[in-house]
Number of protein chains: 2
Amino acid sequence: MNDGDEGAGQEPRPKRADARRNEETLLNAAATVFLTSGVEAPVRDIAAEAGVGMGTIYRHFPTRADLIIAVYRHQVERLAESGPALLETSATPHAALGEWIDLFVDFLVTKHGLAGVLQSDNAGFETLHAYFLDRLVPVCTQLLDAAAESGEIRSDLQAYELMRGVGNLCIGADSDSLYDARRLVELLVAGLRQPR
Amino acid sequence: MNDGDEGAGQEPRPKRADARRNEETLLNAAATVFLTSGVEAPVRDIAAEAGVGMGTIYRHFPTRADLIIAVYRHQVERLAESGPALLETSATPHAALGEWIDLFVDFLVTKHGLAGVLQSDNAGFETLHAYFLDRLVPVCTQLLDAAAESGEIRSDLQAYELMRGVGNLCIGADSDSLYDARRLVELLVAGLRQPR
DNA sequence: TGGGCAAGCGGAGCCTCGCTCCGGAAACGA
DNA sequence: TCGTTTCCGGAGCGAGGCTCCGCTTGCCCA
């Protein structure tokens with residue numbers, strides 16, 4: 001509720017034009033740099049790519065987490081919205097859960113290093129962690145509950161744990177390499193099935 | 001074979017007394033610091049704890065990976081040896097696999113941050129990665145093969161992938177928190193069962 | 001249109017951390 | 001005791017995160 005994107009309470013101030021322009025520029029630059037150098041790229045690089053000073057980055061996005069959130073917000077929102085939709089269109093709730101998790105894995109795997117940073121216990125990423133949790137755990141809970149109710153899976157696992165497990169499995173899975181995170185996640189989800 | 005611990009080929013030189021003493025001191029200091037600050041603790045801290053200069057650390061252990069390996073070598077060896085033993089004493093190969101993986105998880109979870117560093121793609125940790133792989137993957141393969149032969153589990157998963165998955169699941173699981181890596185690993189192993 | 005001023009900008013600079021390098025100290029053999 | 005060789009310590013460099021403050025610029029009002 002209150003996803004105040006630009007109007008929190010009473011309009012504080014209209015924000016200057018150059019500031020808005022810079023924010024836009026920064027978002028694009030960050031997206032570019034994240035793509036090539038990963039989400040842990042040096043702040044200086046992002047500033048350089050955007051052609052602004054570092055102060056500007058820190059003013060708009062006090063922590064790296066804020067920047068990452070801003071860059072990927074759209075995709076996360078779409079992921080969150082797809083949960084209920086899948087529940088409608090899929091054959092069974094368990095299938096819906098599986099497909100949704102697939103989308104989640106796709107998202108993480110294509111964002112170089114995001115999974116790692118998400119689980120990192122380094123200070124400064126709690127915001128990021130919290131955002132993902134706030135946005136996605138409820139969706140996952142809904143899918144999980146539906147599947148549990150239909151008796152397809154065991155019901156003793158929290159959505160938080162499942163998502164964190166999936167996130168962990170995606171660490172270091174950059175579409176190359178001998179490590180296929182999707183396989184492992186499949187196994188994990190398979191392990192959820194009721195052992196009837 | 002040739003686990004040359006101190007005699008590689010022809011004895012090169014007897015090594016000075018103070019050097020040996022320092023190595024011992026460093027190992028203890030590192031163990032202590034790893035325990036309190038995790039395996040990514042600043043090198044300076046370890047040097048301080050040991051009461052030596054940083055040069056001394058780097059001379060004995062050129063990379064952090066070397067130091068970590070030295071500190072945990074004993075435990076890893078014991079883990080490796082326990083594989084065949086479990087195969088003897090356990091009810092079924094799949095049970096043996098499960099128990100061995102439990103030991104692996106215990107090891108990772110009690111070493112603050114080790115799992116994270118193991119999967120990290122930062123340069124400098126390949127040695128560590130390689131050591132764990134060399135030492136443990138064959139053991140895991142043996143257990144996996146035995147379980148596959150007995151028809152208990154699917155046979156399309158490499159030991160490497162399994163271990164990496166387990167390692168990933170252990171990231172950030174520091175015995176506290178709402179995240180119980182053991183549970184997730186159990187699920188993963190359960191997912192391995194033949195879906196007959 | 002022009003003047004005043006807060007919002008905004010940029011990057012020098014400080015801090016931490018990894019790692020190197022070399023002058024000096026200490027051990028060992030004769 | 002002395003020479004040689006090994007070993008030690010920490011100053012110092014580069015990289016990266018983050019801050020701070022003097023300068024610039026958009027905006028509003030007369």
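B:Glu161 and A:Arg183 pair up through their side chains in a salt bridge, at 3.8 Å from N to O; the term covers a side-chain nitrogen of Lys or Arg within 4 Å of a carboxyl oxygen of Asp or Glu. The rule turns up 2 salt bridges across the interface of chain A and chain B. This is a predicted model, where local features need pLDDT of at least 70, side-chain atom pairs count only at pLDDT 80 or more, and totals for chains, interfaces and linings use all residues. Residues are numbered from 1 along each chain as its sequence is written, chains are lettered from A, and side-chain values use heavy atoms, with hydrogens and water left out.

**Interface extent**
- Chain A puts 22 residues into the contact and chain B puts in 23 (heavy atoms within 4.5 Å).
- About 2,300 Å² is buried between the two chains, with 59% of that from carbon and sulfur atoms (accessible area, 1.4 Å probe, lost on putting the two parts together, summed over both).
- A:Glu161, A:Arg183 and A:Leu187 account for 26% of what chain A buries against chain B, more than any other three residues.

**Polar contacts and helices**
- There are 13 residue pairs in polar contact between chain A and chain B, both residues at pLDDT 80 or more (N or O atoms within 3.5 Å, one able to donate a hydrogen and the other to accept it; residues adjacent in sequence count only if both atoms are side-chain atoms).
- On chain A, helices H8 (159–169) and H9 (181–192) each bring at least two residues to the side touching chain B (DSSP runs of H or I, at least four residues, numbered from the N terminus).
- H9(A) gives the most to that side, with 7 residues.
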